[in-house]
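I opened my notebook today to look up a few things in a new structure. Come and read along with me.

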Amino acid sequence: MNLAESMKLHDTIKKNTLMLMTIAISLAGGIILNFIQQEYFTLMFYGLTLIFLVLLYFIFQKVLKKHNILPYLLITVAYAFNFLFVVVNGSSINIILISLFLTIYSAIQLNRKIFFYGYGLGIVVILANHFLATADKEVIQSLLSYTILIYLLIGLIFNVVIRLSLEQTKKLIDVLEKSEIEAKRKEAQKFQLQQNVNAIITSISEVNNHLQTNLTAQNEMASAINEVSVGSQTQSEQISEISQNTNETKSTIDEVHSKSIELYLASGNASELTKNGKMKINDLNENNTTLEKVINDLNDTFTILTEKIAETNKFAGTIKEITAQTNLLALNASIEAARAGDAGKGFAVVANEIRKLADLTGQTTEKITKNLDELNTSNKQAITQMDESTQNIKLGVISTNDVTGYFEKISATMQELNDGLKNFTQLAEKVQGQSNDVEKSTNDFAAIIEQTSASLEEMNATVDNLTTGNHQLSLLMDETVTKATAIKDDFKE
């Protein structure tokens, strides 16, 4: 039901109530007047009419909700009881006045159909009152023309009033319909705007949630980049330290390479001396076979032998020093190989083998020293006991053979030491080249780390700027959501 229909229905209900109250007041006045005049029949007649009209009102107005039918029924009952009164009690001037009143009563609804319906019934009652007149017949009949004239004027006047009222009502209905259409349009616009505001709020909320998520992610990213930057700085410092250690290792390896060359040369000299010693022992062995013949030259020979043994002792001391130095260098090489990590594994193996060879050389040198000491003691005893040398010739030959065997072992050992030092020199050169490559790679890696640290610092600054901008944008989005929510609440109000 639209607004115009609702207004019409409400107006009809109010006018129905007004019609009942009007007729009820009129009938109540008639009842009181007839009671005073002691006209009990008319009083009873008016009372029944009032009761019947009230029953109709409650049945059709309150129970059945037939609001549009009730005015016709009220007018019909009022005229019917009036007509019945004329038939039963006879005509009177009061009927004319009551008919004029009912004509005005029919115009309460300001409805042309209802008015002309009551207007027609009024003419019937007036004519019935004229033709059925008995008492005061002449007066009633003489008033007919005036009554008709007044009745027609009343009809004309109320027709104009109803017409004007209908036009005003029509205009009002048009205005109400337009207002209702405009209200519906505005309500639709309000609903659409509210939906749009809800959609905007939802979208802004989603954007704000994504923005908050991005802001959190950027904060985490900034923290991670800061940690990476700090780690990169630490790595840069560590790489610098590694580069410094690599430079020191390179210097140590260069020194090892130089020492290995010196050891190689010393080993070559020792090998040559060992060969010479072996040749001398061979000569001594040959001389021992003719010792009985050259016993007179034995003193000189033993003197020379003593000098050679002393010289050999010096060589053995030199070999012992070389062995100790080689062992120390092998230990340093093992340490540096351990510092070099995977790149120094091969060098560590070589250093271990050199250290083993140095240990073997040291053991052999100790044996040589011990044997030379024993031989020196024997030579001294031989010098002091020259006279008894003949008896000990055979023992000397045996000792000389043993010394020859020892010199053969020393010669073989020195040859192995020479080969080992040669390989060690080659490995030292190889490790030196690898150390140069490691130094170059370390320097390049240090430069890359420094460049990466600088890039991370720039990225960290960029992320900080972006985080600041997103934070400001987040504040603006929060303000926008608050304003949009306020607009939405205003629409609800």
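Among contacts in the chain between residues at least 6 apart in sequence, what percentage join residues at least 24 apart? I looked it up and found 85%, where contact means heavy atoms within 4.5 Å.

A note on the source: this is a predicted model, where local features need pLDDT of at least 70, side-chain atom pairs count only at pLDDT 80 or more, and totals for chains, interfaces and linings use all residues. Residues are numbered from 1 along each chain as its sequence is written, and side-chain values use heavy atoms, with hydrogens and water left out.

I found ten helices and zero strands.

Then I looked at burial (under 20% relative accessible area, 1.4 Å probe, protein chains only). Buried residues are 34% of the 493 in the chain.

I turned to one helix pair. Helix α4 (residues 93–106) and helix α5 (residues 112–131) pack at about 175°, with axes 8 Å apart. The two are therefore roughly antiparallel (an angle over 145 degrees, between N-to-C directions; axes are lines fitted to C-alpha atoms over the stretch in contact). I noted I95 and S99 of α4 and F115 and G118 of α5 among the residues making the contact.

Last, I looked for nonpolar cores (buried Ala, Val, Leu, Ile, Met, Phe, Trp, Tyr and Cys residues joined through side-chain atoms within 4.5 Å). The largest has 38 residues, and I23, L53 and Y105 have the most contacts inside it. Helix α3 gives the most to this core, nine residues.

Technical notes:
Helix = DSSP H or I, 4+ residues; strand = E, 2+ residues; numbered from the N terminus. Buried < 20%, exposed > 50% of the residue type's maximum accessible area, 1.4 Å probe, protein only. Axes fitted to C-alpha atoms, helices over the stretch in contact; angles between N-to-C directions. Parallel < 35°, antiparallel > 145°, perpendicular 65-115°, else oblique.
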